[in-house]
Amino acid sequence: IRCWSNIPFITMPLSRAHGKSFAHRSELKHAKRIVVKLGSAVVTRGDECGLALGRLASIVEQVSMLQNQGREMMIVTSGAVAFGKQRLRHEILLSQSVRQALHSGQSQLKDMAIPVLEARACAAAGQSGLMALYEAMFTQYSICAAQILVTNLDFHDEQKRRNLNGTLHELLRMNIVPIINTNDAVVPPPEPNSDLQGVNVISVKDNDSLAARLAVEMKTDLLIVLSDVEGLFDSPPGSDDAKLIDIFYPGDQQSVTFGTKSRVGMGGMEAKVKAALWALQGGTSVVIANGTHPKISGHVITDIVEGKKVGTFFSEVKPAGPTVEQQGEMARTGGRTLAALQPEQRAEIIYRLADLLTDQREEILLANKKDLEEAENKGRLALPLLKRLSLSTSKLNSLAIGLRQIAASSQDSVGRVIRRTRIAKDLDLEQVTVPIGVLLVIFESRPDCLPQVSALAIASGNGLLLKGGKEAAHSNQILHHLTQEALSIHGVKDAVQLVNTREEVEDLCRLDKLIDLIIPRGSSQLVRNIQKAAKGIPVMGHSEGICHVYVDTDASVEKVTRIIRDSKCEYPAACNALETLLIHRDLLRTPLFDQIIDMLRVEQVKIHAGPKFASYLTFSPSEVKSLRTEYGDLECCIEVVDSVQEAVEHIHKYGSSHTDVIITENEKTAEFFLQHVDSACVFWNASTRFSDGYRFGLGAEVGISTSRIHARGPVGIEGLLTTKWLLRGDNHVVSDFSEHGSMKYLHESLPLPQRNTN
């Protein structure tokens, strides 16, 4: 033993009784003993001659990280044949070049042929070099590695099995990473009648079966099988309609069609599945994942251990309800049926939901009370989040009113013609509104968000996946039940789905085949995390609500304190609450300025001074750490500016393009502010709190968008629609419009059909 790990262990609650595999991915973080199997396609280069050194180094780094957390890591590796092939080819070329140079001259070097190399010889030549490479890499992390070569006979001889088991346990006890491989230099052919015949027998005929056998023998918690495909598909990868299977259960193999084996190595996916099911039966959890993809191979092992949705997870426990993938399909199908309903039918569903909110008020408030009590007992939520979590009779009444507004305004939202053009004679083009598809709305501590968003999705004909925070689980459950009850009157119950599984938000953001738009409702940190995690799915929303109020020299004394109080104190946790107050320099040390400060003190608002404001004061409040801060509480920053132009520049530099206000009686100054501030909402002599879908007359909103594409500001029904083009012709072809064709383009604008304003 040449070295010990000198990196201190991180204390982790890893120990568990072996004998039963983990039921859910989220439990994999508790795995202590882990086997990582590296397939030939993972370890070798694309030319199958030599090792993929960068990929191997990344795998060693991840294994080392987990080992230094106090886990017991083992590696079952391929690669000896490929490494040996590289060495032998080099030796043969060198030998041939010397002989030919001596006997035939340089001119014949180009005619040299490489003989076919026997695999056992390549393995013999490559084993030592492969192990030396592993040792060199692990040494960089102060970890010692040890090589163990095995054959099938080592598992059939009881004494050899005990010796192997004892050796592995001793290595693990000394914090050494065992690196195991089949001894391909001497390995005999597999025994014909011992292939996966039960828990106690498995033929070691490739590294998949070796890893499974080893995992069960060593009572391993987790077996990670890395291959060159993302996991297990329901049909061969690359074929039409092939879908990655997230969770595979024993008995599901009848529904899977296997393709050919990998480009290198002994086993294919069928062999991996057989080995995985055998290990699962022996009490070891299994994940099959891609170890070659350049975007994920650098963290694939740690992602799996953290419980992230990577590859295919083998589980013996089937969930009671549908998977999130199935829910996505149900929302897609239900949304299309919803969009095909008559506008009156969609409105009827929303009216019914509004009635249920008031009729079932007691049940809703009782469920909400449970959430509030649990949150207070656990002490997990800050006061602003507790306020958002709380429901009341007045909130439910306001919700019902908003839903009725949505129902009334949704009569012609889907299928509305917004442009008509006569392309040519008897060739008419229409642009019509259609639903976006399937929306994923992620919200925290906001149970009132659920019926609002559901109503907007119903009105716009979109399927909907809802992911609420666990702090509002009881409230969300009953509100979703009422939503489905309303949907059932026209048989579209599946259009709105509440995700209750243990899906992580990051995993949901990867479902780009199922979700068309993600809308986060919550903290700026939640929004940033979702924007970062979304893979190929657009995110609508804003990461911060840094709203400004600028008090101009021509501001009305009566209006200033009233607007500032409402903007900051009416609901400080809201994203449209005032966070930075900009005051013209000429107003300092005036009665108006004193009134503003006195009002904020009475309202118990903590004041932070901006750099310029602090420079004017002998004794100033605490200087602000950043002018780009969303407080979300009874706190705000005060800063001084010299002009309306400087106020605009400050907003552009430190704001979040959400909502910004000017208070002035000078119309010219106000218009300059309104036209030059580049935010989603810009107001004159009005509170920032008006930036809201309900107050805008949209009925409700799915959120406020600060992006510049598609929808901006409070997003109601219109923001959840896109368009498609309908062209109606009569045997028209493009060649008729060529230079010598018989037809000419007209491109005439046609009148739009009259909208239903009832």
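The model is predicted, so to speak, with rules attached: local features need pLDDT of at least 70, side-chain atom pairs count only at pLDDT 80 or more, and totals for chains, interfaces and linings use all residues. Residues are numbered from 1 along each chain as its sequence is written, and side-chain values use heavy atoms, with hydrogens and water left out.

View 1. Helices (H or I, at least four residues) and strands (E, at least two) are DSSP runs, numbered from the N terminus. Of the 758 residues, 53% count as buried, meaning under 20% relative accessible area with a 1.4 Å probe and protein chains only; exposed is over 50%, and partly exposed lies in between. Take the contacts with a separation of 6 or more: 74% of them join residues 24 or more positions apart. Contact here means heavy atoms within 4.5 Å. The chain exposes about 34,600 Å², and carbon and sulfur atoms supply 51% of that (Shrake-Rupley method, 1.4 Å probe).

**View 2. Helix H19 (residues 557-569) against helix H20 (residues 591-602).** Their axes come within 10 Å and cross at roughly 25 degrees, which makes H19 roughly parallel to H20 (angles under 35 degrees get that label). Axes are lines fitted to C-alpha atoms over the stretch in contact, and angles run from 0 to 180 degrees between N-to-C directions. The crossing is right-handed, that is, the near helix is turned clockwise from the far one by less than a right angle. H19 brings Val557, Val560, Thr561, Ile564 and Arg565 to the contact, while H20 brings Leu592, Gln595, Ile596, Met599 and Leu600. Sort these residues and you get seven nonpolar, two polar and one charged. Ala, Val, Leu, Ile, Met, Phe, Trp, Tyr, Cys and Pro count as nonpolar, Asp, Glu, Lys and Arg as charged, and the others, Gly among them, as polar.

**View 3. Leucine 338, a buried residue in helix H10 (residues 324-340).** Its relative accessible area is 0%. Leaving aside neighbours within four places in sequence, leucine 338 contacts Arg346, Ile349, Ala457, Ile458, Gly461, Asn462, Leu487, Val492 and Ala495. Lysine 493 is 155 residues from leucine 338 in sequence, with 9.4 Å between the C-alpha atoms.

**View 4. Glutamate 748 in strand S24 (residues 748-749).** This glutamate is partly exposed, at 38% relative accessible area. Not counting residues up to four places away in sequence, glutamate 748 touches Arg420, Thr421 and Arg422. Isoleucine 423 is 325 residues from glutamate 748 in sequence, yet their C-alpha atoms are 6.7 Å apart.

Notes
Angles under 35 degrees count as roughly parallel, over 145 as roughly antiparallel, 65 to 115 as roughly perpendicular and the rest as oblique.
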